[in-house]
Amino acid sequence: MLQIRNLHAKVADSEILRGIGLTVKAGEVHAIMGPNGSGKSTLAHVLSGRENYQVTAGEVTFQGRDLLQMIPEERAREGIFLAFQYPVEIPGVSTTYFLKAALNAVRKHRDLPELDAMDFLALIKEKMKVVEMDQGLLNRPINEGFSGGEKKRNEIFQMAVLDPKLAILDETDSGLDIDALRIVANGVNALRSAERAMIVITHYQRLLGYIVPDYVHVLFDGRIVKSGDKRLALELEEKGYAWIEDEQEKAQRAGA
Amino acid sequence: MSSAAQAKTLYESHFSEMEKGGLPNGKAWIRNLRERAMARFNGLGFPTSRNEEWKYTDVAPIANTVFQPARRGLDRDAADAAARAALGSFEACRLVFVNGYYEPGLSSPRPPLEGVEISSLAAALEGDGGWLEPHLARYAGYENHAFVALNTALMGDGAALYVPPGRILTEPIQLLFISVAGPEPAVSHPRILIVIGKGSQASVVESYLGAGEGVYLVNAVTELVIGENGVVEHYKLQRESERAYHIATLQAHLAGSANFSSHSIALGGILARNEINAVLDGEGCECALNGLYLASGEQHVDNHTRIDHVKPHGTSRELYKGVLDGKARGIFNGKIYVHKAAHKTDAKQTNKNLLLSRGAWVDTKPQLEIYNNDVKCSHGSTIGQLDQDAIFYLRSRGIGVETARSLLTYAFASDIINRIKIEPMRVQLDRLLAGKFQADSPAGREP
Ligand SMILES: Nc1ncnc2c1ncn2[C@@H]1O[C@H](COP(=O)(O)OP(=O)(O)OP(=O)(O)O)[C@@H](O)[C@H]1O
Ligand SMILES: [Mg+2]
């Protein structure tokens, strides 16, 4: 579904991604872990087309098409969804209005009929259950005055409504208490399917206890330096990132 | 001839034409008033940028145009069409003016309650009008204001509303001024006097609308007097046509515990200046000024407000928002003046501007002048562009970039529209705004 080859990207003149390679197939869940500032969010934003990140080398194909040629809304309509690490507050635009506009843009692109108000409400009602979302939140402007947990839930709710092919969850677990984490994780698990792939960015094994990944990758200094299965996450939890750092240094010295 | 001398000659000729016929001048007090104001205008001349209050607005295009006095009933069809477009469906006691003249055929001036007097100003001046003299031109000073002076000298028609004490008007009063541009530039001077008795409540909608493509000038003055404990909602909707000049002053005078809120929506005209001044001349007054100005192309829109806290315990809240596109220029000049006696004043003023293009420009000048230490006052202004993070967030959900921009622009502006309490008017303006930004109504509670 997604192929990333030798991806380099910079932001504000410093190179953040320095040769990323990753292949994600339908139905798979990939976890990406790594220390602060290693480039996880940058990768997520580059995949969704954020303009201030400049791709300097490499290629990305999504369902056989060149992803990097697409503008952000086109990527979304093609089925890429990013759950933001820091969801944006947008005063004055109600969540329901926004979601209906988004959903119909996506449906139109997929040659599906647009939903009218009734059908849309029915769909919303159904998807709200996925993350135990409160109706009151939906009538409010997007994320405005939402708590951290409510914002994260709103992201997963939007994902449920938009039904993407590839979901990228950027630290959806950060800042959640144990109940909220369980709700969000259950929501994500409910959306796992053989057709859908997920990239789950996280610092903590804690989330991966609920959402069991098929693969775990360690992103370090703009590169994927280690890949494994779920046991790698446990190992990281136990030892921290220091040993990865050591290994990197050793490898570099050996190479030099 | 200098342009000042030219202006003098031109408006002197309007003055003598008016004296000869048509407009009501029967009473000595009104004749005297007009003469004094005319003399004052001749003394002042049109303001230049050397005048601090007119620093950002050059009225040379007005001073240099040879206007004719606007004529009655020009092109009724256009006026009818404009009226239909403007009125939507909301129920109101309504007076309609075309080129400054009252049009009974388009109006429905049902007196809303016993004792309430509502009529055209011309009719009020011709009739008994005993209540007019103590108020007319007593609030909107013409001594230092050329446009107010000109209006006072040449005021022809307009509206007169008198609400005796203790009346609650449930339906809004709508005053609709339609200008139909003819081949020659024309000027009208609408004048409105509203007197609200002690403990009475009313809401008044002043709408200005243009038809046709020509040049015209509307030079309007409204005086609003609110008695003790009175409550007034004032709405002004300015949608003049593309080449129009619109200069207006609203002067509100509040007695103790009176409550005044103003909503000023400025959309039209090539050059528009809207002045709103409120004098809180009693204890415990409340005043809210809300404003929205949208301009694009070569439009110039100037908002000038002044709130005088004269007595203690007054509260004022002011929020003006501007959206400027193309090469438009916006101005916000708001003064809050706290007099020596006005302790415990609580005043807050905010101006926010959204620039949609590189060519757009805003000058914002919030001013506090405070002569009492025991007050709570703040002001602030911002000028910015659309939030890139918000645009990206919307796009990342599949919403096209243009729609995202419209949606955010709409959201910025709709916050003022949402303060409008007359529901059909709010809905109508909401649609207008949505249409302008090519979004459908995203604030809607229903998807
Ligand atoms: N807009 C920007 N301008 C300048 N530097 C940036 C920008 N965005 C990211 N960076 C830098 O890029 C590097 C990678 O940031 P990124 O957000 O991708 O890290 P991360 O792995 O997601 O970290 P965290 O775990 O803290 O979320 C950091 O050094 C960061 O400061
Ligand atoms: Mg991050």
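Modeller: Happy to; a few questions and answers follow.

Modeller: This is a predicted model, where local features need pLDDT of at least 70, side-chain atom pairs count only at pLDDT 80 or more, and totals for chains, interfaces and linings use all residues. Residues are numbered from 1 along each chain as its sequence is written, chains are lettered from A and ligands numbered from 1 in the order written, and side-chain values use heavy atoms, without hydrogens and water.

Colleague: Which protein donors does the magnesium ion (ligand 2) have?

Modeller: Donors here are N, O and S atoms within 2.8 Å of the metal (3.2 Å for Na, K and Ca); water is not among the atoms, so sites may look incomplete. At 1.9 to 2.2 Å from the ion, the protein donors are Ser41(A) through OG and Gln85(A) through OE1.

Colleague: How many residues apart in sequence are the parts tied together by Ser41(A) and Gln85(A)?

Modeller: Helices (H or I, at least four residues) and strands (E, at least two) are DSSP runs, numbered from the N terminus. Ser41(A) sits in helix H1 (residues 40-48) of chain A, while Gln85(A) is in the loop between strands E6 (80-83) and E7 (90-94), so the pair links parts separated in sequence by 44 residues.

Colleague: Is Ser41(A) buried or exposed?

Modeller: Buried means under 20% relative accessible area, exposed over 50%, and partly exposed in between (1.4 Å probe, protein chains only). Of the 256 residues of chain A, 53% count as buried. Gln85(A) is buried, and Ser41(A) is also buried.

Colleague: What share of the chain A contacts between residues at least 6 apart joins residues at least 24 apart?

Modeller: Contact means heavy atoms within 4.5 Å. Among contacts between residues at least 6 apart in sequence, the share joining residues at least 24 apart is 69%.
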